[in-house]
Amino acid sequence: MRIWRWLVALATLLLGRRARRRAQAEQEQRIVPEGRPERRAETVVLVLLGIAALFAIGFIVTYAEFSPTGIPNELLGICLGMALAFIAAALAVVAKRLVVSEELEHDYPEEHPEEQEEIAELVRESGSRITRKRLLLGAGAAAGGALGVAALTPALSLGPLWYTDPLDTSPWRRGTALVDENGRPYAAQDVEQDTFYTAFPQGADPEDIGSPVVLARVDPSQLRLPASRAGWAPLGIVAYSKICTHAGCAVALYRKPTFKPLEPRPAFVCPCHYSTFDPAAGGTVIYGPAGRPLPQLPLMIDGLGSLRAAGNFSDRVGPSWGAVREGGPK
Amino acid sequence: MSRSRRIVLVVALLVLGAVGLAKAQPQSGIVRPTQEPSTATLQLGAQLYAGNCATCHGIAGEGVASPRPGAGGVLGAGPPLRGVGARAADLYLRRGYMPLSSIHDQPLTNRVLFSEKEIQSLTTYVASLGGGPAIPNPQPGQGDISEGVHLFTAHCAGCHQIVAQGGFVTGAEAPPLHSVTATEIAESVRIGPYLMPRFSTKQITDAQLNSIVAYVLSTRHPANRGGWSIGNIGPVSEGIIAWLIGIAALVAVCVILGERLRS
């Protein structure tokens, strides 16, 4: 019963306001004849804006559902694109059907304040055929607001609010064998200088962000590893995560000097933004936008001469985010 | 001034200008023995080496570790050539990588300054310095292009781009491969010139190398389905099509929204 009363009160208020506004409008002398109200066009605009808001919300939901890894870019793109397209369609309908457009064929009135006022009035009156102005404004605000929030959503990935556990786990454990893409173990003696290899943990998912490592052999006399990593590079063989710490691309480039005195030292290079990492110095960044070294995987050689991990990575694997330096890989 | 005098003056100025230009140029010419055609291959190689290579690579291919002024005041430094064999000499000379105009430059494809006979002589001489691998003889006909694209993606495309258009690595240029011969591809893979990694037969077998060569050669004549391929550089062509359709769509929207000016 109470709800019913509220509804009646609301309806009275709205109708009363409209009646008052119409009375006001009739008092003024109009230049542009009042356009015929187009309630159908208004409804179309409301529906279009509503759909736009739904797509914007869809963007936020998609982001939250799949974050932080495996976000389907296609879905995000469709949501964002559709939200913008429906807002554009709504604006097009407003422009074509709801705004009265009139032309005054005068010269530009420079010293005629009256005519300037007329133009101002013209502009004011051109929106006058809209009957549900507040509702339309509300719908516009809803669509625009949802889109704004959707655009801000990815900023949450900068902080630890979101679920980042998959980035923390690594399939490497002490004793995990290093295998090539066909599952064959790497023998230490097969790893040569002046070239590089990609290795995966035996028995783990190679698609896992923590799986792939780049493998290279550097001259043991050139090694400049931190003291805490002594023994991580048997025979000068080093392994680092293949995922660039900048934007998560695969570090697929290796360079080595042919003539050491004049050419740059060996380095892993990421093809996306040319972050360059020093394999002899614990994967430190020597060029490019990466903010932290490539995580290093400690190595050991088993009784059969094959390469095995001697523990987990030195740091978290993958692209960097706000709290990446807090805590380590699991 | 009479007409003939004027011509004499112009000719004299031209000659002077040419001499001046020649003096201003860095020393990049080839030094040749006077009796070249009648010299035996190995001996010609030794003479050419002494005249053109020894400043940077040492008198007998022992290398020059730190830059020092050589013939004509040009700074010389370079890796030893003992043991690099005919394979490396053949690649560096046929691509025009050598002679290098400055020791700080990356050896890049250049005009070949030596004649065919000179290249063979130098190659024989370099091989005589300390053995080393012979010029390889890849058989792209025995290779498998689909295996080749897989191997190329894994080992080469990071720098040289998936259809071998070339690219960059910090500190060097990865050259495009469209003018490289099968032999030169095989040589480069095994040698790893400049900053390129070196791939041994343990990493890439000779059979796999045939497939890589077959793939690189095939990238020059890709199977295009029609239309403008735009150099087969990947999704850019699709992007351009989207862009053209996009522009048409935008124009259509403008036409719908806008009103023609009544005059």
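Rings of Phe, Tyr and Trp (its six-membered ring) pair if their centres lie within 6.5 Å. By that rule, the structure holds eight aromatic pairs over all chains. The model is predicted. Chain A and chain B bury about 2500 Å² between them, and a search of the whole structure finds 12 salt bridges over all chains.

**Aromatic pairs**

- A pair of aromatic rings is described by the distance of the centres and the angle of the planes.
- One of the eight pairs found over all chains is A:Tyr254 with A:Phe268, whose ring centres are 5.1 Å apart.
- The planes of A:Tyr254 and A:Phe268 stand at 50 degrees, so this pair is tilted.

**Interface of chains A and B**

- The size of an interface is often given as the accessible area lost when the parts come together.
- Of the roughly stated total, about 2500 Å², 55% is on carbon and sulfur atoms.
- A:Lys96, A:Phe259 and A:Leu262 supply 21% of the area that chain A buries against chain B, more than any other three residues.
- On the contact count, 30 residues of chain A meet 32 residues of chain B.
- Between chain A and chain B, 14 residue pairs are in polar contact, both residues being at pLDDT 80 or more.
- Helix H3 (73–98), strand S2 (196–201) and strand S5 (253–255) of chain A each supply at least two residues of the side that touches chain B.
- S5(A) gives the most to that side, with three residues.
- By class, the side of chain A that touches chain B has 15 nonpolar, six polar and nine charged residues.

**Salt bridges**

- Side chains of opposite charge can pair when their charged atoms come close.
- Two salt bridges run between chain A and chain B.
- A:Asp190 forms one with B:Lys202, the closest N and O atoms being 3.5 Å apart.
- The count over all chains is 12 salt bridges.
- A:Asp190 lies in the loop between strand S1 (178–179) and S2 of chain A, and B:Lys202 in the loop between helix H8 (182–191) and helix H9 (206–218) of chain B, so the pair joins two chains.

**Hairpin in chain A**

- Strand S7 (residues 276–278) and strand S8 (residues 284–287) of chain A run antiparallel, joined by three bridges.
- A:Phe277 has A:Val285 as its bridge partner in S8(A).
- Five residues lie between the strands of this hairpin, where A:Gly282 takes a positive phi near 75 degrees.

Technical notes: Residues are numbered from 1 along each chain as its sequence is written. Chains are lettered from A and ligands numbered from 1 in the order in which they are written. This is a predicted model: local features need pLDDT of at least 70, side-chain atom pairs count only at pLDDT 80 or more; totals for chains, interfaces and linings use all residues. Side-chain values use heavy atoms; hydrogens and water are left out. Two strands pair if DSSP finds at least two bridges between them. Helices (H or I, at least four residues) and strands (E, at least two) are DSSP runs, numbered from the N terminus. Contact means heavy atoms within 4.5 Å. Buried area is the accessible area (1.4 Å probe) that two parts lose on being put together, summed over both. A salt bridge is a side-chain nitrogen of Lys or Arg within 4 Å of a carboxyl oxygen of Asp or Glu. A polar contact is a pair of N or O atoms within 3.5 Å; within protein, one must be able to donate a hydrogen and the other to accept it, and residues adjacent in sequence count only if both atoms are side-chain atoms. Ala, Val, Leu, Ile, Met, Phe, Trp, Tyr, Cys and Pro count as nonpolar, Asp, Glu, Lys and Arg as charged, and the others, Gly among them, as polar. Rings of Phe, Tyr and Trp (its six-membered ring) pair if their centres lie within 6.5 Å; planes under 30 degrees apart count as stacked, over 60 as edge-to-face and the rest as tilted.
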